[in-house]
Amino acid sequence: MQMHSLSFDISHTLAGGLVLISFMMLYQDRLYSLLNVFALHALVLALSVAWQAYAQDAPHLYVTAAIALVFKAIVIPVALHRIVKLLGIHRDIESAVGIGPTMLAGMGLVALSMVLMLRVTAEADPLAREDLAFALSVVLLGLLVMVTRRNAVSQVVGFMSLENGLVLAATGAKGMPLVVEISVAFSILIAFIVIGIFLFRIRERFDSVDVSALDDYRGERR
Amino acid sequence: MSFHSFNPVAAVLLIPICSAALLAILPGYRITARLNVVASLLTFLSALSLFVIERPQPTPYVLVDDLNIVFIVLNTFVGFTTSIFSASYIAHELDTGRLTPTYLRFYHAMYQTMMFGMNLAFVSNSIGLMWVAVEIATLTTVLMVGIYRTHAALEAAWKYFILGSVGIAFALFGTILVYMAARPVVGEGQDAMVWTLLVEHAAHFDPALLNVAFVFLFLGYGTKVGLAPLHAWLPDAHAEGPTPISAVLSGLLLNVALYALLRFKILLAVSPDAIAPGALMVTMGLVSVVFAAFMLYRRRDIKRLFAYSSIEHMGIIVFAFGMGGPLANFAGLLHMVMHSLTKSAIFFAVGHIAQVKGTQRINRIRGLTVTHPALGWGLVAGVVAIAGLPPLGIFMSEFLVVSSTFARQPLLAIVLVFGLLLALGALMLRLTSVAFGNPRGSKAPVEASYVPMFAHLSLVLIAGIYLPAPVVVWFRHVAILLG
């Protein structure tokens, strides 16, 4: 019993930490610091997944943890750092909405996911329950990052944090098959997109990766 | 390989993926375009053999039943005809320099990878595997939409990527919730994701969890179906990518997401205490129909026009499946098949028209029936069909949807008919300006392959006049399965 509650507390802390770091993403106004916070996010995810692998005695989850650590906490942030430098866009993030309303919306979303998930999963085991509630919070906060930012790089960061929430949910669902395959599939998706941002710039298609600049080219066709 | 050891399911998966690898290596337009056609034909023939060869037993990963055979055969057929259209379309794009040989290789490899992804989504019995397959299909189409690398194309691809990813992320969350609901009943591990086992035990699942799961799945896969208000990616993706991709997007990829939704709808129908998914589907379907009908009036780009028409028709199909019952399901299935055939035929015509006129602007295209009779009249036939006029197939399926709704929910039927008539008006308005009147734009002859377009249109015509009895029996059976 003692062991169970300790394992519960640790996974609880790590999942709660992820929600907290998602909040930190909301108010970063520089791309570099946003990338650093994201690297921290991925690191905590890797720890959390590794802990689940240990607690559930599911060695295949170590693969997912390793992917999160190597790919998302190191490779992608480093690559995005270099892209940001190359594109010369390390100035302020043009946030579409102010920080105050964004934080309030974030709190609302977390409250929503707590109420929703804790109510409907009343019969599931407590670990999975709270894990799901945290995971949904991370997913919704990632979505919030995506809609409040206009810059393509920060949108990708938002998407990746959203995806971290999904990995958290998948690893928390004990014994779920295909978790490793799904995390690999997601990594491929992200790699493609990061390469995409990189290539488009190299070919000098955009003057900036600000998505609102793209809107101008839409012209009058709509 | 002897006849008995021939495995059609393996064939519809292996042929596309192997030819994708081959097409990525081989240089030259002539060989690759032909190989693309041959591979698509072989896939189609393998899919057809599912009718004759005894079906494989469901395994944890593969399932073949009456429902998905319809989807697989339709998918591989349109994939095959589109590959023929694509061969002549791409030749023109190479001539004008919009595509380079390297991009051509990439394009063909992606085309077959997309076919692989869609076929995998149809045959997979595991809801996790199905999700991965839908993601593969989405990713390949994102890459193809952006293939021209113009500002507009990149913007469309970006928008499609962002909205599509959020959609598939929600779908995954829903999938995880279904697993959570199934785990206490079916047991831990792989089994709790196998659709056939889920359906057997769904009556004992926690209904609250299943409800939330369906809402996420509906939002997620619904984004990919293109239901309003989650449709924002669809018109851009259709308008800016190569036209063969517009044809498969409208004709096939939307069906893949719809198929995923139907699987989960069946699951919910088994559980007695879960919400009826019908109300959600009916609402979103109707909203899509009416919204798209209004939007049709304001389109100036011919590919965007037909993209909005796809939103309208997916709305009708989702509405029909949402109403449920044997008759509405039958109508929904029939409408789905008819829409796939007609819409891809229209895009075949539009692709050549845009190439010969050098523009997609509707007001720069006039008098097509005079300058290019075959293309012009093909387009007229296609638009008449898609607008739901008799005697073509879509008239019949729309009639069935409307009449079955009138019998049960007259108010909903009135809204639906309003949307249909509105869309009819918009399409006729645009059609008269494009097809008739004084010719405008280039009169250069066009090197087009008309076979795919007229093959589709004649199938739609035949279905409108006389639907063969075995098809009716089959669809009826599937309609009952859908509940």
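The predictor's confidence in each residue is expressed as pLDDT, on a scale from 0 to 100. In this predicted model, chain B has a mean pLDDT of 90, with 99% of its residues at 70 or more. Among the elements of chain B, the highest mean pLDDT, 94, belongs to helix α12 (residues 302-323) of chain B, and the lowest, 87, to helix α14 (residues 368-371) of chain B. The ipTM of the model is 0.87 and the pTM is 0.90.

The contact between the chains draws 36 residues from chain A and 33 residues from chain B. On the side of chain A that touches chain B, two or more residues each come from α4 (99-120), α5 (126-148), α6 (152-172), α7 (179-202) and α8 (211-216) of chain A. This side of chain A comprises 25 nonpolar, eight charged and three polar residues.

Within chain B, the axes of helix α3 (residues 66-96) of chain B and helix α10 (residues 243-270) of chain B come within 9 Å and cross at roughly 170 degrees. Angles over 145 degrees count as roughly antiparallel, and α3(B) and α10(B) are therefore roughly antiparallel to each other. The crossing of α3(B) past α10(B) is left-handed. From α3(B), the residues in this contact are B:Phe71, B:Asn75, B:Val78, B:Gly79, B:Thr82, B:Phe85, B:Ser86 and B:Tyr89. They meet B:Thr243, B:Pro244, B:Ala247, B:Val248, B:Gly251, B:Leu252, B:Asn255 and B:Tyr259 of α10(B). Nine nonpolar and seven polar residues make up the contact of α3(B) with α10(B), which has no charged residues.

Methods:
Residues numbered from 1 in each chain as written. Chains lettered and ligands numbered in written order. Predicted model: local features only at pLDDT ≥ 70, side-chain atom pairs only at ≥ 80, totals over all residues. Contact = placed C-beta atoms within 7 Å. Helix = DSSP H or I, 4+ residues; strand = E, 2+ residues; numbered from the N terminus. Nonpolar A, V, L, I, M, F, W, Y, C, P; charged D, E, K, R; others polar. Axes fitted to C-alpha atoms, helices over the stretch in contact; angles between N-to-C directions. Parallel < 35°, antiparallel > 145°, perpendicular 65-115°, else oblique. Left-handed = near helix turned anticlockwise from the far one by under 90°.
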